[in-house]
Amino acid sequence: MRLEGSCLCGGVRFEIDGEFEPRSYCHCTSCKRLSGGIGTANGRIRSDSVRITAGKELLRTFVPEGGSAKTFCSACGSNLFGGGWPESEYSSVRLPAIDAPFDGRPDRHIFTRSVASWETLPDDGLLREDH
Ligand SMILES: [Zn+2]
Ligand SMILES: [Zn+2]
């Protein structure tokens, strides 16, 4: 499958050519902080299937203590990749970064133990994992 993605300011553009699986909504505290919301929506990709087509120089990576690398656009702050990209074999692409509609949707909520006091998990019938 081939998908195109970009950040909010448009400075970073990328393509994914290969395996892509919409996978999970992550409610961990790191994802809340970096997203400014209830967490992140993620697809699983092979790291080497991602090609940065513009704005490579804008990318910055932050590695939280005890967590995996998260990569964002330094101009607009959009979070683009997680799960150790680009060094890990598989990593996450944030679904809001993908430009056009695609097939499928995440089938689970993860880190539900970190649901915030101001957050309500949707009653959507999806799997829930507390870690
Ligand atoms: Zn940007
Ligand atoms: Zn998370």
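This is a predicted model: local features need pLDDT of at least 70, side-chain atom pairs count only at pLDDT 80 or more; totals for chains, interfaces and linings use all residues.
Strand 2 covers residues 13-17 and runs antiparallel to strand 1, to which it is joined by five bridges. Within this pairing, Arg 2 is placed opposite Asp 17 of strand 2.

**Arg 13**

Arg 13 belongs to strand 2. Beyond its neighbours within four places in sequence, Arg 13 is in contact with Gly 5, Ser 6, Arg 51, Ile 52, Thr 53, Ala 54 and Asp 99. The C-alpha atom of Arg 13 is separated by 8.4 Å from that of Lys 56, although the two residues are 43 residues apart along the chain. The relative accessible area of Arg 13 is 38%, so this residue is classed as partly exposed.

**Ser 78**

Ser 78 is found in the loop between strand 7, residues 70-73, and strand 8. Residues up to four places away in sequence aside, Ser 78 touches Cys 7, Leu 8, Thr 71, Phe 72 and Cys 73. Ser 78 counts as buried because its relative accessibility is 15%, and the cut-off for buried is under 20%.

| Residue | Relative accessibility | Class |
|---|---|---|
| Arg 13 | 38% | partly exposed |
| Ser 78 | 15% | buried |
| Phe 111 | 26% | partly exposed |

**Backbone features in two loops**

The peptide bond that leads from Trp 85 to Pro 86 is cis, and its omega is near 0 degrees. Pro 86 sits in the loop that connects strand 8, residues 79-82, with strand 9, residues 90-94.

Phe 111 is located in the loop between strand 10, residues 108-110, and strand 11, residues 127-128. With a relative accessibility of 26%, Phe 111 is partly exposed, a class that lies between the cut-offs of under 20% for buried and over 50% for exposed.

Terms used: Residues are numbered from 1 along each chain as its sequence is written. Chains are lettered from A and ligands numbered from 1 in the order in which they are written. Side-chain values use heavy atoms; hydrogens and water are left out. Helices (H or I, at least four residues) and strands (E, at least two) are DSSP runs, numbered from the N terminus. Buried means under 20% relative accessible area, exposed over 50%, partly exposed in between (1.4 Å probe, protein chains only). Two strands pair if DSSP finds at least two bridges between them. Contact means heavy atoms within 4.5 Å.
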